[in-house]
Amino acid sequence: MGRNPVYTHVYNQLRYKILSGELPIGSLLPPERKLAVQLGVSRNTIVRAFSELEAEGLIAGKMGSGRYVEALPPTPSLTRVDWRSQSTRSLLHPSPSHMEEILSITDKYPHTINFAHGDGGKYTLVQSRLTEYVEAAAKRSSSYFFTSVQGLPELRERLVEWMGIPQISSPDQICVTSGSQEGLYLIATLLARQGDCIVTEMPTYFGSLQLFQSLGMQIIPVPLDQDGMRVDLLEGILARSRPRFIYTVPTFHNPTGRTLTLARRRQLLAISEKYGIPIVEDDAYRHLHLEHEPPPSLKQLDQWGNVIYLNTFSKMLFPGLRIGWIAGSSPIIQYITRLRELTISTSTLSQFALAKYMRDGALRPHLDTVTRLYAEQARLMESQLRPLRSMGLDYEVPAGGFYFWISLPEGMKARQLMERCMEAGVSFTCGDMFLLREAEQPYIRLCFTHEGAERTLHGMSILTRVLYQQKEDSR
Ligand SMILES: Cc1ncc(COP(=O)(O)O)c(C=O)c1O
């Protein structure tokens with residue numbers, strides 16, 4: 001019977017019989033005691049199921065003569081769906097709508113200099129030559145039809161090659177997703193339920209926070225230091241609670257840019273094995289190193305099959321493609337595919353274009369080009385940030401990924417700064433999106449890969465001006 005209380009099964013059975021007409025309007029329901037015996041449940045269970053049906057107006061008691069199936073209430077003359085009460089039936093819990101806030105910036109402020117979005121920008125689109133592949137895919141008739149729910153087989157083969165690790169040796173161990181956000185949604189819904197605990201770094205990628213909060217999960221935060229997640233604190237946490245999984249962005253973490261050291265990776269895997277807790281590794285920035293290659297992924301070090309690996313083409317190529325993938329042991333991939341079947345969502349056309357792009361070996365040179373470019377852009381942005389240290393602003397220089405995570409001068413309000421900057425023509429992401437508590441906090445995140453050199457310089461000059469103004473006003 002799963003985790004639903006017994007009365008909901010009785011309630012659902014009766015409700016179905018009433019709504020399907022099997023129990024017609026006016027029919028008499030058996031007395032509580034008799035029905036309890038018939039169904040082999042307690043009388044209290046029946047009382048609870050009856051009271052739910054009564055509250056819905058499906059049945060009503062008549063003095064001294066039992067309960068009868070009621071006629072449905074007359075339809076009001078002006079029918080209007082009450083969306084508010086309809087939506088409360090779903091699992092969604094209130095959480096800040098950060099994803100929409102950030103993604104709609106360019107619709108609301110089309111000319112803004114955009115340090116908010118985490119992507120490679122229009123210039124890198126031209127560099128990538130991806131549009132040629134999309135055009136070629138658009139000429140193939142098979143692009144317009146369904147492909148396997150698990151993902152285009154050829155693309156899955158390319159992904160196995162791309163990963164190049166013994167842990168992922170077959171296309172059966174891959175499921176293509178509509179971006180890694182969908183991948184994370186599938187994994188989270190599969191592994192945990194409302195009320196369950198999960199562990200994540202804090203701060204962390206806002207899309208994961210919004211997802212876990214909306215699904216009603218209890219988030220246990222673990223801080224980071226220069227070497228990534230404070231794995232030493234995890235054992236203490238596990239002594240007190242049993243999270244369903246550990247979500248981590250160990251490589252060029254969003255938003256801090258930090259990378260978990262090899263030693264800590266090993267420790268984290270050992271903890272996962274000791275307590276039997278799966279690790280969800282989100283590796284969105286792995287291939288975007290500005291200097292050296294990062295340490296091996298957790299999946300590559302995983303000897304027991306405890307790691308579920310997520311990656312995406314949104315950062316290597318472009319988010320509008322909406323292609324990501326999950327890699328893991330075959331049984332979990334099968335479950336994920338079953339769940340995914342309920343939405344059949346990834347575009348076949350994008351998958352064909354990408355499979356050919358990879359087959360032609362175009363991805364590696366593209367990454368070499370853009371990472372060189374991104375390194376220049378990071379240096380440029382840093383040259384504009386450096387003088388601001390004297391006013392109390394602080395940051396680390398990232399070794400990969402897309403972002404500067406910046407702490408503002410003492411007392412400066414990040415949201416207020418953001419609003420003023422938006423008015424002045426430059427946007428960025430406010431640090432509160434990456435944290436659990438919404439209280440005033442001193443961080444902002446600047447993406448250095450979306451804008452080219454000229455607009456970066458212009459945006460930074462606006463940001464500098466607004467920063468000085470705000471500092472002046474707060475005296
Ligand atoms: C760590 C991380 N995971 C997942 C995503 C979502 O990517 P996708 O576009 O593939 O859904 C992002 C996007 O910013 C991210 O930073």
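Which domains does the domain assignment of the protein chain give? The assignment lists domain 1 (6-69), domain 2 (130-360) and domain 3 (365-473), with bounds that come from an automatic or database domain assignment. This is a predicted model, in which local features need pLDDT of at least 70 and side-chain atom pairs count only at pLDDT 80 or more, while totals for chains, interfaces and linings use all residues. Residues are numbered from 1 along each chain as its sequence is written. Taken over C-alpha atoms, the centres of domain 1 and domain 2 are 46 Å apart.

**Ligand shell**

- Around the ligand sit 14 residues, and the closest are Gly179, Ser180, Gln181, Thr312 and Ser314; a residue counts as near if its C-beta atom, placed from the backbone, lies within 6 Å.
- Helix α10 (residues 179-191) gives the most to this shell, with three residues; helices here are DSSP runs of H or I with at least four residues, strands are runs of E with at least two, and both are numbered from the N terminus.
- By residue class, the shell has four nonpolar, nine polar and one charged. The classes go like this: Ala, Val, Leu, Ile, Met, Phe, Trp, Tyr, Cys and Pro are nonpolar, Asp, Glu, Lys and Arg are charged, and the others, Gly among them, are polar.

**Helix α8 with α17**

- Two packed helices are described by the angle between their axes and the distance between the axes.
- Helix α8 (residues 130-138) packs on helix α17 (residues 348-359) at about 125 degrees, with the axes 8 Å apart. Axes are lines fitted to C-alpha atoms, for helices over the stretch in contact, and angles run from 0 to 180 degrees between N-to-C directions.
- The α8 crossing past α17 is right-handed, that is, the near helix is turned clockwise from the far one by less than a right angle, with anticlockwise being left-handed.
- On the α8 side, Leu130, Tyr133, Val134, Ala136, Ala137 and Ala138 meet Leu349, Phe352, Ala353, Lys356 and Tyr357 of α17; contact means C-beta atoms, placed from the backbone, within 7 Å.
- The residues of this α8 and α17 contact split into ten nonpolar, no polar and one charged.

**Helix α7 with α18**

- Helix α7 (residues 121-128) and helix α18 (residues 363-385) have axes that come within 10 Å and cross at roughly 150 degrees, so α7 and α18 are roughly antiparallel.
- This is a right-handed crossing of α7 past α18.
- Thr124, Gln127 and Ser128 of α7 meet His366, Thr369, Val370 and Leu373 of α18.
- The α7 and α18 contact residues come out as two nonpolar, five polar and no charged.

**Helix α2 with α3**

- Helix α2 (residues 32-39) and helix α3 (residues 43-55) pack at about 115 degrees, with axes 8 Å apart, so α2 and α3 are roughly perpendicular.
- The α2 and α3 crossing is right-handed.
- Glu32, Arg33, Leu35 and Ala36 of α2 make the contact with Arg43, Thr45, Ile46, Val47 and Phe50 of α3.
- The residues of the α2 and α3 contact include five nonpolar, one polar and three charged.

- Most residues other than glycine have a negative phi, and most peptide bonds are trans.
- Met202 and Pro203 are joined by a cis peptide bond with omega of about 5 degrees, and Pro203 lies in the loop between β5 (197-202) and α11 (206-214).
- Asn254 and Pro255 are also joined by a cis peptide bond, with omega of about 15 degrees; Pro255 is in the loop between β8 (246-248) and α13 (262-275).
- Phe252 is not a glycine, yet has a positive phi of about 50 degrees, and Phe252 sits in the loop between β8 and α13.

Methods:
Two residues are in contact if their C-beta atoms, placed from the backbone, lie within 7 Å. Angles under 35 degrees count as roughly parallel, over 145 as roughly antiparallel, 65 to 115 as roughly perpendicular and the rest as oblique.
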